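Here's a quick walk through a protein model and its ligand. Have a look at the fold, then read on.

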Amino acid sequence: MLALHGYFPKTLSPYPIGTPKLETSIVLCKDRILKVNCCNPNRQTERGIEFDIGGAFYRHESSTGRDLGILAASVDRQSKGGLRVLDAMCGCGIRSCRYLMEAEADFVLANDANDEYRDLIVGNLKQVERDETRWVVCHSEANRVLTERYLQRDFFDLIDIDSFGSESMFLRSAMLALRLGGLLYLTNTDGYSSGGHRPRHSLDAYGAFVRPLPFANEIGLRMLIGGAVREAAVLGYHVTPLFSYYAYHGPVFRVMLRMNRPKILENRDYGFIGYCNRCGHSQAFSWEELGKIGCSCCNSEGSRQGFVVSGPLWIGPLHSSDCITQMLDLAAEWGWVGNGAGVELEKLLKHMLDESDPRLPPGYIKLDEMTRRAKMNGPPLRMLMRTLQEMGYAASRSHIASSAIKTDCGMAVLTKLAKELVSVPQS
Ligand SMILES: C[S@@+](CC[C@H](N)C(=O)[O-])C[C@H]1O[C@@H](n2cnc3c(N)ncnc32)[C@H](O)[C@@H]1O
Ligand SMILES: [Zn+2]
């Protein structure tokens, strides 16, 4: 992949004329979204939009991340009455196409530092939207285009930064170019840092010292949100997630954040997460609790060695239930889910809705880890969840790990309950 830092080829300029000739295609329908043109492998289709990927970086697996972005953008446009999008790393321009076509953006600025993609991006945008006042293509380094827009007081409702690795250097300029109340769609693909294998790197990138935890992929999301919370605070803003999405390919961590002014004395949900290797219990800690961090199973100094702390990280809910509900409704209205369509997307959104319960603490418990520790066969996950809910605990599945449970019930009580459930003969 190109190393594009400090690469400033051109500033914002109008797109050139020139639409690539479209080929008649035989389309193979592999999935609900992806259609591959077998005559031209560079030709793809997402949600009925045909486009060329040329030599640009494009992954069809990322289409779910694009679906989520489009749904949130559209929900936001409906509530505010307008949508201006800055797609800072647009690749072939598929996101920009979709923000225009599906989210009905009023305006999209499609940027990619690589000016060799110009004809490709322009060709894709021209075929989906011929109203040439609605989009502009430019080829600047992301920080440059974001800063220029800020200096011009040209603010956006949604800024999408589809970056590689754990690049956090775009956070501040993106926040400056964002309208108050606007949305920031961020990406991280650094599974080493979220896995706790590069704590000094995560400290540099997001200000979080991340250690290995059994729910590393949730930590990846919390690290990204936490980094944005810290950066927003510098500017006097506060960000909260509308949704957080982990995808195993890559891996890819994506979060859609809303930026606002903080309320006085607001709980910022920004703290530490501890995990006890001895008993498997995990817990969030506030800054006020620093110095008192530990697990109730190992209070003596000598036994605290198995206790691991990561942070500071986002410790609040991963999603906004209001936003996910509206996204789900819109997906149903558009026929993306329901009546047998979009089963995976529907399942994902429903899991996210369950996960957005504010009583749920960070992390999840993998059932096989619990049963291995307790040397037992576990009850079915569904039964365990139902029992927890009947007992008044918050409990949900995790969209990240299929055989895991998120709950505010501690590990000791959960294990006891699971043992009781397997010992009772089921009718
Ligand atoms: C992950 S790809 C984008 C994929 C695209 N958003 C999609 O959904 O298919 C990242 C893109 O960012 C561009 N890029 C990398 N560093 C950049 C930078 N500092 N500023 C602007 N563009 C950059 C690359 O040329 C590449 O096309
Ligand atoms: Zn413990």
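In which sense do strand S12 and strand S13 pair, and over how many bridges? S12 (residues 270-276) and S13 (residues 282-285) pair in the antiparallel sense over four bridges. Strands pair when DSSP finds at least two bridges between them. Strands (E, at least two residues) and helices (H or I, at least four) are DSSP runs, numbered from the N terminus.

A word on the ground rules. This is a predicted model, where local features need pLDDT of at least 70, side-chain atom pairs count only at pLDDT 80 or more, and totals for chains, interfaces and linings use all residues. Residues are numbered from 1 along each chain as its sequence is written, while chains are lettered from A and ligands numbered from 1 in the order in which they are written.

**Two open sheets**

Back to that hairpin: five residues sit between S12 and S13, and Gly-280 in the turn has a positive phi of about 85 degrees. Gly-274 stands opposite Gln-283 in S13.

S16 runs antiparallel to S17 (residues 404-407), joined by three bridges, and Arg-397 stands opposite Ile-405 in S17.

Arg-397 also touches His-351, as does His-399, not counting residues up to four places away in sequence; contact here puts the C-beta atoms, placed from the backbone, within 7 Å. His-351 is in helix H10 (residues 343-355). The C-alpha atoms of His-351 and His-399 are separated by 5.5 Å, though the two are 48 residues apart along the chain.

**Helices**

H1 and H9 are roughly perpendicular (65 to 115 degrees) to each other. Here's what the pair looks like:

| Item | H1 and H9 |
|---|---|
| Residue ranges | H1: residues 63-80; H9: residues 321-333 |
| Axes | within 9 Å, crossing at roughly 100 degrees |
| Contact by class | seven nonpolar, two polar, no charged residues |

The classes count Ala, Val, Leu, Ile, Met, Phe, Trp, Tyr, Cys and Pro as nonpolar, Asp, Glu, Lys and Arg as charged, and the others, Gly among them, as polar.

Helix H2 (residues 94-101) has seven of its eight residues buried, so the rest of the structure largely encloses it. Buried means 20 or more other C-beta atoms within 10 Å of a residue's own, with C-beta atoms placed from the backbone. Arg-95 and Arg-98 are among the buried residues of H2.

**Ligand and overall picture**

Ligand 1 is surrounded by 20 residues, the closest being Met-89, Gly-91, Ala-113, Ala-142 and Asp-162; near means a C-beta atom, placed from the backbone, within 6 Å. The shell has eleven nonpolar, four polar and five charged residues.

The protein chain has 13 helices and 17 strands, and buried residues make up 46% of its 427 residues.

How values were computed:
Axes fitted to C-alpha atoms, helices over the stretch in contact; angles between N-to-C directions. Parallel < 35°, antiparallel > 145°, perpendicular 65-115°, else oblique. Contact = placed C-beta atoms within 7 Å. Buried ≥ 20, exposed ≤ 12 C-beta atoms within 10 Å, placed from the backbone.
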